[in-house]
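Let's work through a few exercises together, with the model open beside you. Try each task yourself before reading the steps below it.

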Amino acid sequence: MMGVMSLIASTVAVVVLLMLTGRLDAYTDSVQPEQIHLSYSNVPTEMTVTWTTLNLTYDSVVQYGTDGFRTTLNGTVKGFTDGGKERRVVYIHTTTLTNLKPGQRYVYHCGSPTLGWSSVYWFNAMKSTTTWSPRLLLFGDMGTVNGRSLTRIQSEVQQGRADAILHVGDFGYDLHDDDGRKADLFMRQIEPAAGYVPYMVCPGNHEASYNFTHYVNRFNMPQPNHDNMFYSFDIGPAHIISLNTEAYFFMFYGTERLFAQYNWLEADLKKATTPEARAERPWIITMGHRPMYCSNNDKDDCTRNEGFVRTGIPALNAPGLEKILYKYGVDLEFWAHEHSYERLWPVYNRMVYNGSVEEPYTNPKAPVHIVTGSAGCKEDHDNFGEGSPWSAFRAIDYGYTRMNIVNTSHIYLEQVSDEKDGEVIDKIWIIKNVHGPQAW
């Protein structure tokens, strides 16, 4: 209590000084909360609220409740310095709301009791059971320019048609541009969606500048000791794993993240695939930016027979991801990076393992891969080359993916085309009566 009171006293002192010097209006404008976004924490009964102010205020307050602002919490603030020439600083505020009632809707606003509040937002706390059916929106490669899917995504969220968002890398194009002002713009643009549902992320190549510092500092993902680079969380009947594919490419930042991630991943998969865990949450789903497979004509890693992400880096004795994900029976893998949409047949080691000719996604004999990198950015589309035996459907339409984890045996996926006014251009059911490597 004394800590909160001292912070408020400090802020009041700043306000009084600015009033005396005639600079209060400019200061108040620049401490207004902006770039508000939600994320899941390590605890299902929590929700993390993150926002930015352009000047320092020690108030990181969220007021929230189910029928008004019944609870007040003060979180933390940190200054983040962009790596550009200006060495520009913004202030990132983080407050984690605790002891939420599962499935309950909460209203909230954030900011300062003396310097101003954000608009009012709401969210639904995660349900506590594994029998509900989470609805997620997935996409990668969305920029501030030509972010064609953004308006439709905002609308879906505000209409209550999504429980969470998975952004599979590449934000804003690029967050560090204009001494970090591009990041401010991007975070403002996603606020009308990310202020209402958790906005879960993984790093892409466009976040690499200054050792991914904008990505590391502007988001708060579960298991923060990994700098948001890799983590996992549970939702309904699924265990979702977020991976850092960029560890295979940006070696001048070191190899520690690459090996740390692999060791963490195996430990996480061992825990998620115990008989007790798999009975409760049989679906294991991953997201990572650069795909293992694609049929685009741009000579990216996924077009190579032995790509780094899939098979590893022999010179470093660094293993790839395909074998370990197959070993533990991962069901579904989402990727982006290619500015297109591609659905694969169940595939392992470049071989197709359909469930049957008539029903390839019923009891498939290998993981299902989806590349969903067509949200829209200034780099436009990535065209396709010749088809591959494991490529089932592909489109260069701008758009995004919907996923409904219906129950322990059924997942429904569909691809929305923004260019065709929201038309669903692809859809499949994945049906599995058995999960884990025994399904192969």
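## Exercise 1: Cysteines

Searching the whole structure turns up 1 disulfide (a pair of cysteine sulfur atoms within 2.5 Å). Before we go on, note that this is a predicted model: local features need pLDDT of at least 70, side-chain atom pairs count only at pLDDT 80 or more, and totals for chains, interfaces and linings use all residues. Residues are numbered from 1 along each chain as its sequence is written, and side-chain values use heavy atoms, with hydrogens and water left out.

**Task.** Which cysteines does the disulfide join, and what is its handedness?

**Solution.**
- Step 1: the partners are Cys-294 and Cys-302, with an S to S distance of 2.1 Å.
- Step 2: the torsion about the S-S bond of Cys-294 and Cys-302 is about 75°, so this disulfide is right-handed.
- Step 3: look at Cys-202, which is in no disulfide; its nearest cysteine sulfur belongs to Cys-302 and is 14 Å away.
- Step 4: Cys-377 is in no disulfide either, and its nearest cysteine sulfur, that of Cys-302, is 15 Å away.
- Step 5: check accessibility, where buried means under 20% relative accessible area, exposed over 50% and partly exposed in between (1.4 Å probe, protein chains only). Cys-294 has 4% relative accessibility, so it counts as buried. Cys-302 is buried at 2%, Cys-202 is buried at 0%, and Cys-377 is buried at 1%.

## Exercise 2: The nonpolar core

**Task.** How many residues has the largest nonpolar core, and which have the most contacts inside it?

**Solution.**
- Step 1: recall that a nonpolar core is a set of buried Ala, Val, Leu, Ile, Met, Phe, Trp, Tyr and Cys residues joined through side-chain atoms within 4.5 Å.
- Step 2: the largest such core has 104 residues, and Tyr-199, Ile-285, Leu-332 and Met-403 have the most contacts inside it.
- Step 3: take Ile-285 and leave out residues up to four places away in sequence; its contacts (heavy atoms within 4.5 Å) include Leu-332, Phe-334, Met-403 and Ile-405.

## Exercise 3: One side of a helix

Helices (H or I, at least four residues) and strands (E, at least two) are DSSP runs, numbered from the N terminus.

**Task.** Which residues of helix 3 are buried, and what do they pack against?

**Solution.**
- Step 1: helix 3 covers residues 150-158, and its buried residues are Leu-150, Ile-153, Gln-154, Glu-156 and Val-157.
- Step 2: these residues cover an arc of only 165° around the axis (taken from the directions from the helix axis to the C-beta atoms), so they sit on the same side of helix 3.
- Step 3: among their packing partners are strand 10 (135-139), helix 4 (181-194) and strand 26 (399-405).
- Step 4: after helix 3 comes Gly-160, with a positive phi near 75°.

## Exercise 4: A buried arginine

**Task.** Where is Arg-88, and which side chain makes a polar contact with that of Arg-88?

**Solution.**
- Step 1: Arg-88 lies in the loop between strand 5 (76-81) and strand 6 (89-97).
- Step 2: its relative accessible area is 16%, so Arg-88 is buried.
- Step 3: a polar contact is a pair of N or O atoms within 3.5 Å; within protein, one must be able to donate a hydrogen and the other to accept it, and residues adjacent in sequence count only if both atoms are side-chain atoms. The side chain of Arg-88 makes one with the side chain of Asp-184, at 2.5 Å.

## Exercise 5: Salt bridges across the sequence

A salt bridge is a side-chain nitrogen of Lys or Arg within 4 Å of a carboxyl oxygen of Asp or Glu.

**Task.** How many salt bridges does a search of the whole structure find, and where do Lys-432 and Asp-331 lie?

**Solution.**
- Step 1: the search finds 25 salt bridges.
- Step 2: Lys-432 and Asp-331 form a salt bridge at 2.6 Å, N to O.
- Step 3: Lys-432 lies in the segment after strand 28 (423-431) and Asp-331 in the loop between helix 9 and strand 20 (332-335), so the pair ties together parts 101 residues apart in sequence.
- Step 4: Lys-432 is buried at 2% relative accessible area, and Asp-331 is buried at 2% relative accessibility.
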